[in-house]
Amino acid sequence: MSEIHRGRFRPGDALPGYRTLAQGLGVSRNTVMAAYRELADEGWLVAAPGEGSTVAPTPPRRLPGASETPPGPAAELTGAGMGFDLRRPPDPAVPDAARSLLRVATGNPDPRLLPGAALARAYRRALTVNPRGTLAVDDPQGHPTLREALARTLRAARGVAAAPERLVVTRGGQLPLALVAHALLGPGDAVAVEALGARDAWEACARAGARCLPVPVDAQGLDVDTLERLLSTERLRAVLTTPVRQYPSVVALSPERRARLLALAARHRFAVLESEHDAEFQFEGALPPPLAAEDRAGVVVLVGSLSKIFSPGLRLGFVHAPAPLVAQLRSARDALDRHGDPALERAMAELLEDGEIERHLNRMHPIYRHRRDVLANALSEHLGAALTFDPPTGGLALWARTREGLDVDAWARRGLERGVAFQAGRQFAFDGGAVPGLRIGFSNYGDAELVEVARRMAEALLEGQ
């Protein structure tokens, strides 16, 4: 009874046979049979002749003799109750139960466009052709073949003087920054961060004990004047920035500010932790190079992800850093995730080497550019009086500014009720204050769905007026 009650055996699960359980408990078969009959009489199990016994579809809510009614069926039958306290988590931005919800809170690739056949072939070859060379690799920096392929790609496509020995491959897009923070930062260290940015990045630094100090962002990116004033009172250990396509506002750091930031880093000896978002997708104009491509003083640590190429579910990220930091990153990854995913790493290396990733991106560019235009036109038609925005030249999401006096947070809450989830600017504010803007992704839905996004947003806005 207690094992059913705590959730080890769930409704419909088969129970051990008489003989098996008798042998395991060291009792007679008749004793087990009598116990099963009693449990069946009390409603705990169902016995079918010749088919054995199973847990009843609706077992009793509490054990015999229990003095209190359990808190509810979920806790009593799944063991969900805890004997210790947790700090209250943040409210979820999107309700899980909303199955018809149009989720445009982030810009993720459309999984329906995944080149599954090519990926499956590469993965199969990684496991069948020289599996020892794939699975027996024991390198905390990641599979050497992928590091070689990544270095060539960074040199050719992004202008970075990349070398495989200066790369560390990890799972996902968050672990690279967490490893850098673990290796570089310590209790009390000061890190300048963009005052409008990614909360998980700030938390990675905070978990290492660092103090995050916000620096404003404007139409030219990180405010380097404010950063320089901050340096007169603080000894910065690092600056965390998204210079190529600022997250979430999608503006690029101006050339003048790029040069000043690198000069300040060299003069004051702090690291520039450069994170790239959606750099693979550029629709018009030339994509600025990463700061790492212009680094002559060894101050830039480039953090990137391969997850946005295909799908966030394919968890691969990387760090390109000066050699002394790489040695510490190796040690940190060895402690946290030594082996990574060598089969996926080898498969991704093959896709980079044979040009499949480049061909896939070439196929995706016109699709995502078209979807950007569809969403932009729909927003202009339905919400032209409430939003102003510049269609982004690249990336998978747009940033829109809201008219004065508009309560974006209330609008976002009403949007959830209308079946559309977008991100209000407050979610990106370091101080948690209201921000007159919002972020909408356009990459994971087709034309009709994107038009419906704008229509539902418009309905939600009207409800608040």
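Are Phe 281 and Tyr 368 buried or exposed? Select both residues: Phe 281 is buried, and Tyr 368 is buried as well, where buried means under 20% relative accessible area, exposed means over 50%, and partly exposed lies in between (1.4 Å probe, protein chains only).

Before moving on, keep in mind that this is a predicted model, in which local features need pLDDT of at least 70 and side-chain atom pairs count only at pLDDT 80 or more, while totals for chains, interfaces and linings use all residues. Residues are numbered from 1 along each chain as its sequence is written, and side-chain values use heavy atoms, with hydrogens and water left out.

**Aromatic pairs**

The structure holds 6 aromatic pairs; rings of Phe, Tyr and Trp (its six-membered ring) pair if their centres lie within 6.5 Å, and planes under 30 degrees apart count as stacked, over 60 as edge-to-face and the rest as tilted. Select Trp 202 and Phe 430, an edge-to-face pair with 5.0 Å from centre to centre and 70° between the planes. Trp 202 belongs to helix α9 (residues 199-207) and Phe 430 to the loop between β16 (423-424) and β17 (437-441), so this pair ties together parts that are 228 residues apart in sequence. Helices (H or I, at least four residues) and strands (E, at least two) are DSSP runs, numbered from the N terminus. Colour the two by accessibility, and Trp 202 turns out to be buried, with a relative accessible area of 6%, whereas Phe 430 counts as partly exposed at 26%.

Now return to Phe 281 and Tyr 368, whose ring centres are 5.4 Å apart and whose planes stand at 75°, so this pair is edge-to-face. The pair links distant parts of the chain, with Phe 281 in the loop between β10 (271-275) and β11 (300-305) and Tyr 368 in helix α15 (residues 356-383), 87 residues apart. For one more aromatic stop, select Tyr 247, Trp 399 and Phe 428, which form one aromatic cluster.

**Salt bridges**

Side chains of opposite charge can pair when their charged atoms come close. The structure holds 26 salt bridges, each being a side-chain nitrogen of Lys or Arg within 4 Å of a carboxyl oxygen of Asp or Glu. Select Arg 211 and Glu 234, whose side chains meet in a salt bridge at 3.0 Å, N to O. Arg 211 lies in strand β6 (residues 211-215) and Glu 234 in the loop between α10 (224-231) and β9 (236-241), so the pair ties together parts that are 23 residues apart in sequence. Arg 211 counts as partly exposed at 36% relative accessibility, and Glu 234 counts as partly exposed at 22%.

Next, select Arg 418 and Glu 459, which form a salt bridge with their closest N and O atoms 3.1 Å apart. Arg 418 sits in helix α16 (residues 408-418) and Glu 459 in helix α17 (residues 447-463), so here the parts tied together are 41 residues apart in sequence.

**A last stop**

Finish at Ala 385, in the loop between α15 and β13 (387-388), which counts as exposed at 70% relative accessibility. Its C-alpha atom is separated by 7.6 Å from that of Arg 403, and Ala 385 and Arg 403 are 18 residues apart along the chain.
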